[in-house]
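Dear colleague,

Please find below the structure I am handing over to you, together with its sequence.

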Amino acid sequence: MEQRFDIGKLIPDGYKAMFGVHTYVQGAGLDLGLLELVRLRVSQINGCAFCVAMHVPLARKYGLSENQINLTATWKEAPVFDPRQRAALAWAEAVTALSGQEVPEAIYEEVKAHFSPVEMANLTLCVVEINGWNRLMVASRTPPLL
């Protein structure tokens, strides 16, 4: 598959703006391993090979176990995630799959039980950020860096 375009070269200010959101999320106080877990799962849902390839090593770097990384796609059945991680994953999936629906109240209540309002807002921004990157990389057919 051939890359269609390179956002960083064609619209560097747009790329910098996206990276600015990433920089904010990284410094917002949430556990970096949790953020990478969310980014990995959302990238799996969106079929973004570039982002999956990027977030697997980052997940390792920030403390996720090999079992957690390997079982992210099947997190609902996997006993290797704690309640906070499960709430974040459920929230990430619900916010990613908004097509014609709201985020279910039960998922909101679960995430609210594990995250403060500010943490919830920052977690949501993380989901928005990675969905944006996924769409840019998939649309441009940016190949994974291997």
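The model is a predicted one. Its largest nonpolar core comprises 24 residues. Within this core, the residues with the most contacts are Val38, Cys51, Val111, Phe115, Leu123 and Met137.

Leaving aside residues up to four places away in sequence, Leu123 touches Leu30, Val38, Ala88, Trp91, Val111 and Phe115. A separate core of eleven residues lies apart from the largest one, and Leu40, Ala59, Ile69 and Ala78 are among its members.

I turn now to the pocket. The largest pocket has a volume of about 330 Å³, and 19 residues line it. Nearest its centre lie Tyr15, Phe50, Met54, Trp133 and Met137. Met137 is also one of the residues with the most contacts inside the largest nonpolar core.

The elements that give two or more residues to the lining of the largest pocket are α1 (7-10), α2 (12-26), α4 and α8. By residue class, the lining of the largest pocket consists of twelve nonpolar, five polar and two charged residues.

With kind regards

Terms used. Residues are numbered from 1 along each chain as its sequence is written. This is a predicted model: local features need pLDDT of at least 70, side-chain atom pairs count only at pLDDT 80 or more; totals for chains, interfaces and linings use all residues. Side-chain values use heavy atoms; hydrogens and water are left out. A nonpolar core is a set of buried Ala, Val, Leu, Ile, Met, Phe, Trp, Tyr and Cys residues joined through side-chain atoms within 4.5 Å. Buried means under 20% relative accessible area, exposed over 50%, partly exposed in between (1.4 Å probe, protein chains only). Contact means heavy atoms within 4.5 Å. On a 1 Å grid over the protein atoms alone, a cavity is a set of points where a 1.4 Å probe fits but cannot get out, and a pocket is an open set with protein on both sides within 12 Å along at least five of seven lines; lining residues have an atom within 4 Å of a point. Grid points are joined across faces, edges and corners, and a volume is the space filled by probe spheres set on the points. Helices (H or I, at least four residues) and strands (E, at least two) are DSSP runs, numbered from the N terminus. Ala, Val, Leu, Ile, Met, Phe, Trp, Tyr, Cys and Pro count as nonpolar, Asp, Glu, Lys and Arg as charged, and the others, Gly among them, as polar.
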